[in-house]
Amino acid sequence: MTKIIHTEKAPAAIGPYVQAVDLGNLVLTSGQIPVNPSNGEVPQNIQAQTRQSLENVKAIIEQAGLQVKDIVKTTVFVKDLNQFTTLNAEYEAFFKENNHPNFPARSCVEVARLPKDVGVEIEAIAVRK
(Lines give C-alpha, C1' and ligand atoms only; values in the text may rest on other atoms or scores of the structure.)
Protein backbone atom coordinates (compact mmCIF):
# COMPACT_ATOMS: atom_id res chain seq x y z
CA MET A 1 0.00 0.00 0.00
CA THR A 2 1.28 3.45 -0.89
CA LYS A 3 1.51 6.02 1.90
CA ILE A 4 1.84 9.73 1.20
CA ILE A 5 4.63 11.48 3.12
CA HIS A 6 4.26 15.12 4.10
CA THR A 7 6.17 17.33 6.52
CA GLU A 8 6.07 21.02 7.34
CA LYS A 9 9.88 20.85 7.58
CA ALA A 10 10.12 20.83 3.78
CA PRO A 11 8.43 23.15 1.31
CA ALA A 12 4.89 22.29 0.28
CA ALA A 13 4.38 20.96 -3.22
CA ILE A 14 3.89 23.78 -5.73
CA GLY A 15 1.87 21.65 -8.11
CA PRO A 16 -0.23 18.48 -8.32
CA TYR A 17 2.24 16.14 -6.60
CA VAL A 18 3.29 15.03 -3.11
CA GLN A 19 6.57 15.44 -1.24
CA ALA A 20 7.14 11.67 -1.26
CA VAL A 21 5.54 8.27 -1.43
CA ASP A 22 6.34 5.39 0.91
CA LEU A 23 5.99 2.01 -0.78
CA GLY A 24 6.87 0.04 2.36
CA ASN A 25 10.47 -0.81 1.53
CA LEU A 26 11.13 2.24 -0.68
CA VAL A 27 10.60 5.96 -0.16
CA LEU A 28 10.67 8.09 -3.31
CA THR A 29 10.88 11.85 -2.88
CA SER A 30 9.76 14.42 -5.38
CA GLY A 31 12.44 16.81 -6.53
CA GLN A 32 13.30 19.31 -3.80
CA ILE A 33 14.18 22.84 -4.77
CA PRO A 34 16.06 25.06 -2.29
CA VAL A 35 13.09 26.80 -0.72
CA ASN A 36 13.45 27.35 3.02
CA PRO A 37 10.17 25.96 4.43
CA SER A 38 10.11 28.40 7.36
CA ASN A 39 10.23 31.61 5.33
CA GLY A 40 9.84 30.66 1.66
CA GLU A 41 13.20 32.19 0.72
CA VAL A 42 15.68 30.77 -1.79
CA PRO A 43 19.41 31.19 -1.10
CA GLN A 44 21.35 33.07 -3.78
CA ASN A 45 24.44 30.88 -4.33
CA ILE A 46 24.66 27.28 -5.53
CA GLN A 47 26.41 26.07 -2.37
CA ALA A 48 23.57 27.26 -0.12
CA GLN A 49 20.96 26.12 -2.62
CA THR A 50 22.47 22.63 -2.70
CA ARG A 51 22.47 22.47 1.11
CA GLN A 52 18.86 23.66 1.36
CA SER A 53 17.66 21.14 -1.24
CA LEU A 54 19.43 18.34 0.63
CA GLU A 55 18.01 19.50 3.99
CA ASN A 56 14.55 19.39 2.43
CA VAL A 57 15.17 15.84 1.21
CA LYS A 58 16.41 14.91 4.69
CA ALA A 59 13.28 16.31 6.36
CA ILE A 60 11.06 14.22 4.10
CA ILE A 61 13.11 11.04 4.54
CA GLU A 62 13.04 11.52 8.32
CA GLN A 63 9.26 12.06 8.26
CA ALA A 64 9.08 8.59 6.68
CA GLY A 65 11.05 7.19 9.63
CA LEU A 66 14.32 6.82 7.74
CA GLN A 67 17.69 8.56 7.86
CA VAL A 68 20.06 10.05 5.31
CA LYS A 69 22.14 6.86 5.51
CA ASP A 70 19.16 5.01 3.99
CA ILE A 71 19.32 7.02 0.75
CA VAL A 72 20.53 4.76 -2.06
CA LYS A 73 20.05 6.99 -5.13
CA THR A 74 19.76 10.68 -5.91
CA THR A 75 19.10 12.60 -9.07
CA VAL A 76 20.49 16.12 -9.23
CA PHE A 77 19.17 18.62 -11.75
CA VAL A 78 21.45 21.62 -12.10
CA LYS A 79 20.97 24.74 -14.18
CA ASP A 80 24.68 25.35 -14.81
CA LEU A 81 27.21 22.49 -14.83
CA ASN A 82 29.97 25.07 -14.52
CA GLN A 83 28.94 25.16 -10.85
CA PHE A 84 29.33 21.40 -10.46
CA THR A 85 32.52 21.58 -8.38
CA THR A 86 30.85 23.78 -5.75
CA LEU A 87 27.66 21.72 -5.80
CA ASN A 88 29.63 18.48 -5.51
CA ALA A 89 31.65 19.70 -2.51
CA GLU A 90 28.48 20.64 -0.62
CA TYR A 91 26.83 17.35 -1.59
CA GLU A 92 29.85 15.40 -0.31
CA ALA A 93 29.93 17.37 2.96
CA PHE A 94 26.21 16.79 3.56
CA PHE A 95 26.44 13.01 3.21
CA LYS A 96 29.59 12.83 5.35
CA GLU A 97 27.99 14.99 8.09
CA ASN A 98 24.96 12.70 8.06
CA ASN A 99 27.08 9.55 8.46
CA HIS A 100 26.22 7.95 5.14
CA PRO A 101 28.31 4.74 5.01
CA ASN A 102 29.16 5.40 1.34
CA PHE A 103 27.63 7.82 -1.09
CA PRO A 104 24.37 7.04 -2.85
CA ALA A 105 24.30 6.26 -6.54
CA ARG A 106 23.70 9.52 -8.39
CA SER A 107 22.77 11.00 -11.72
CA CYS A 108 23.47 14.67 -12.36
CA VAL A 109 22.09 16.45 -15.39
CA GLU A 110 22.10 20.02 -16.61
CA VAL A 111 18.66 21.40 -17.39
CA ALA A 112 17.50 24.57 -19.11
CA ARG A 113 15.27 25.78 -16.30
CA LEU A 114 13.95 24.76 -12.89
CA PRO A 115 10.88 25.84 -10.90
CA LYS A 116 11.20 29.32 -9.38
CA ASP A 117 14.39 29.74 -11.47
CA VAL A 118 16.51 28.02 -8.82
CA GLY A 119 19.93 26.57 -9.62
CA VAL A 120 19.41 23.01 -8.35
CA GLU A 121 16.74 20.41 -7.64
CA ILE A 122 17.41 17.06 -5.93
CA GLU A 123 15.28 13.96 -5.60
CA ALA A 124 16.08 10.79 -3.67
CA ILE A 125 15.22 7.14 -3.21
CA ALA A 126 15.67 5.59 0.23
CA VAL A 127 15.40 1.96 1.28
CA ARG A 128 13.82 0.66 4.45
CA LYS A 129 15.89 -2.31 5.60
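How do strand 2 and strand 3 pair, and over how many bridges? Strand 2 (residues 20–22) and strand 3 pair in the antiparallel sense, over three bridges. Two strands are taken to pair if DSSP finds at least two bridges between them.

## Basis of the model

This is a predicted model, in which local features need pLDDT of at least 70 and side-chain atom pairs count only at pLDDT 80 or more, while totals for chains, interfaces and linings use all residues. Residues are numbered from 1 along each chain as its sequence is written, and side-chain values use heavy atoms, with hydrogens and water left out.

## Overall build

The protein has two helices and six strands. Read from the N terminus, the order of elements is β-β-β-α-β-α-β-β. Helices (H or I, at least four residues) and strands (E, at least two) are DSSP runs, numbered from the N terminus.

The C-alpha trace spans about 40 × 35 × 25 Å along its principal axes. A compact globule with 129 residues would have a radius of gyration near 14 Å, and the protein agrees with this at 14 Å. That radius is taken over C-alpha atoms, and the globule rule is 2.2 Å times the number of residues to the power 0.38. Buried residues make up 41% of the 129 residues; buried means under 20% relative accessible area, exposed over 50%, and partly exposed in between (1.4 Å probe, protein chains only). Of the contacts (heavy atoms within 4.5 Å) between residues at least 6 apart in sequence, 69% join residues at least 24 apart.

## Strand 3 and its partners

Strand 2 and strand 3 form a hairpin with three residues between them, and Gly24 in the turn has a positive phi of about 100°. Within this pairing, Ala20 has Thr29 of strand 3 as its bridge partner. Strand 3 also pairs with strand 6, in the antiparallel sense and over three bridges. There, the bridge partner of Val27 is Ala126 in strand 6.

In a regular strand the side chains alternate between the two faces of the sheet.

## Nonpolar core

The largest nonpolar core has 24 residues, and Val27, Ile61, Ile71 and Phe95 have the most contacts inside it. Helix 1 (46–63), strand 4 (71–78), helix 2 (84–97) and strand 6 (120–127) each supply at least two residues of this core. Helix 1 gives the largest share, six residues. A nonpolar core is a set of buried Ala, Val, Leu, Ile, Met, Phe, Trp, Tyr and Cys residues joined through side-chain atoms within 4.5 Å.

Not counting residues up to four places away in sequence, Ile71 touches Val57, Ile61, Phe95, His100, Pro104, Ala124, Ile125 and Ala126.

## Salt bridges

The structure holds seven salt bridges, each a side-chain nitrogen of Lys or Arg within 4 Å of a carboxyl oxygen of Asp or Glu. One of them joins Lys129 and Asp70 at 3.8 Å, N to O. This pair links distant parts of the chain, 59 residues apart: Lys129 lies in the segment after strand 6, and Asp70 in the loop between helix 1 and strand 4. Lys129 is exposed, with a relative accessible area of 79%, whereas Asp70 counts as buried at 10%.

Glu92 and Lys96 also form a salt bridge, with their closest N and O atoms 3.0 Å apart. They are about one helical turn apart because four residues separate them in helix 2. Glu92 is partly exposed at 32% relative accessibility, and Lys96 is exposed at 52%. In the salt bridge between Asp117 and Arg113, the closest N and O atoms are 2.6 Å apart. Asp117 is partly exposed at 41% and Arg113 exposed at 60%. Arg51, Glu55, Glu90 and Glu97 are linked in a salt-bridge network.

## A buried charge without a partner

Glu121 is found in strand 6. Glu121 is buried yet has no salt bridge, and the nearest side chain of opposite charge, Arg113, is 11 Å away. Leaving aside neighbours within four places in sequence, Glu121 is in contact with Gly31, Gln32, Ile33, Thr75, Val76, Phe77, Leu114 and Pro115.

How values were computed
Lys, Arg positive; Asp, Glu negative; His and termini not counted.
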